Amino acid sequence: MNAAKPAAPRLVDVQPSRASAPAELLRRDAVVSVTSLSKRYGEVFAVDDVTFSLEPGTVTGYLGPNGAGKTTTLRVLLGLAEPTAGEALVFGRRYRDVDQPIRKVGAVLESTDFHPSRNGRDHLRALALAAGLSLSRVEDVLDLVELRGAAKRRVRTYSLGMRQRLGLAAALLGDPELLILDEPANGLDPAGVRWLRTFLQTFAEQGRTVLVSSHLLAEVAQTVDRVLIIDHGRLLASGRLEELTGKGQTLEDVYLELTGGEPS
Amino acid sequence: MIGQLRSELLKQRSTETTLYLFLAMFGLVALAVTLHVLALGAGDLSTRTRQLEVFQVGSRAGMLFAGLAGAIAITAEIRYGTIRPTFLVTPRRGPVLAAKLAVSALAGIVFGLLAEGLMAADAAVAYAARGIENELSVGDYVQLLAGGAGASALWAVAGVGVGALVRNQVGALVGLCAWMFLVESTSESFVPDFGRLLPGGAGLALAGNTDELSAAVGTLLLVLYAAALAAAGWRATLRRDLA
């Protein structure tokens, strides 16, 4: 996040087939389409002219250092913040124009978004009621994330891994087509990481779509089909994982080369 | 909208916050009324007007705690981050606020009834113990309960507005307490003509605790304050980015 550093656009675009398609067509087909999106806070462009789209049935990793603009992109995409310029659409519409959005899009932005003295089941029920969903969906997702046994406990007694799964359960309430997760693997133990990886891959095999931001490059390399790399608010690379790492480089090599490798 | 209301009711019921507020209010009202009634000379409590004035402390406590509950309804979501999933479910945000206003007003009625009821019961016991004649009529009690409940409901609506504007939970709660116990009571003591027109003073007129201002004017003023604060909070919530 540094306005004073324009940085030549080092965009490595390895989607030649998509790039030539008419923009209108792309936008209608894409599960997510972000077009020339910018978000400025004061003098700083947190997101600076970012364009990408996601196709159904893929798991896309959204990578970048702390403060690169990942979370800001997701916030704008989900209607929690207004874009300064450009647009971010899900299923061809702004999030707030989607009818009953949680039936289409599930999202977890922070793993800590719970009232500590509310129990897990009531957290989910409050959301299900507001969404007009059947309360039986609450029990379904509790089973899905294996939290049924802890559902009566207050969230303050949950481990970080359990909170991550409760957040995921909330995102799955509406049985969505698109899942957007911000750093979902933080705080998970190895069993939890494998569980999440299997879950996301199964989700995508059903023709659904995942956008997941992460720092954990080794984990990302095992989970995702496609990669977006962002730094200082600018998109530096987008494409299939094997194309980006085609020249015998690891994802870490590519990432550090693009982002300059300075620890932040 | 029914779903939104049920969701907000569940949020209120599923934490201990509301219970703690009720307990704190009970303690405060019981202590304050008991001290007032026991400390004042029998001559000071011999008229209906004076007895109603003693009850001001209970009415103020009902209004204040209703306002605190209203502010917490929104600031707790901001503090703990549940506002994010809440707005992901309802991205247009207006229905969330409408449900918070309705549920908080309902809770405000309960706060008002409990505060006035406890105060009246406490005073009745203390008067009986000291042999002081209770000068209040049935009509006075009806106005105390109904007016007190209405004033607390309006304070709850105003509290949601304050919470939505301030957003910081501690700031909103401290601000409301300071308003009631510093700004209002100071104004009442030093510039009574001004103090009685403030939200707390207007609420006292509504509950019949004062004959300095008519209940009708008090109601009108308090409705205007509550509507203005709720509207400002509404506007801020619909426009602001979420962190």
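Biologist: In this predicted model, with which residues is Val157(B) in contact, leaving aside its neighbours within four places in sequence?

Modeller: Two residues are in contact if their C-beta atoms, placed from the backbone, lie within 7 Å. Leaving aside neighbours within four places in sequence, the partners of Val157(B) are Gly70(B), Leu101(B), Ser104(B), Ala105(B), Ala226(B) and Ala230(B).

Biologist: How are residues and chains labelled, and what confidence is needed?

Modeller: Residues are numbered from 1 along each chain as its sequence is written, while chains are lettered from A and ligands numbered from 1 in the order in which they are written. As this is a predicted model, local features need pLDDT of at least 70 and side-chain atom pairs count only at pLDDT 80 or more, whereas totals for chains, interfaces and linings use all residues.

Biologist: What is the average pLDDT of chain B?

Modeller: The pLDDT is the predictor's confidence in each residue, from 0 to 100. In chain B, 100% of the residues score at least 70, and the average is 93.

Biologist: Is Ala151(B) buried or exposed?

Modeller: Ala151(B) lies in helix H7 (residues 138-166) of chain B; helices (H or I, at least four residues) and strands (E, at least two) are DSSP runs, numbered from the N terminus. A residue is buried if 20 or more other C-beta atoms lie within 10 Å of its own, exposed if 12 or fewer, and partly exposed in between, with C-beta atoms placed from the backbone. Because Ala151(B) has 33 C-beta neighbours inside 10 Å, the residue counts as buried.

Biologist: How far apart in space are Ala151(B) and Gly218(B)?

Modeller: The two residues are 67 residues apart in sequence. From C-alpha to C-alpha, the separation of Ala151(B) and Gly218(B) is 9.2 Å.

Biologist: Which element gives the most to the side of chain B that touches chain A?

Modeller: The contact takes 23 residues from chain B and 30 residues from chain A. Elements giving two or more residues to the side of chain B are helix H1 (2-13), helix H4 (56-80) and H5 of chain B. With six residues, the element that gives the most is H1(B).

Biologist: In chain A, which residue in the turn of the hairpin formed by E2(A) and E3(A) has a positive phi?

Modeller: Strand E2 (residues 32-41) of chain A is joined to E3(A) by seven bridges, and the strands run antiparallel; two strands pair if DSSP finds at least two bridges between them. The hairpin has two residues between its strands, and the one with a positive phi of about 65° is Gly42(A).
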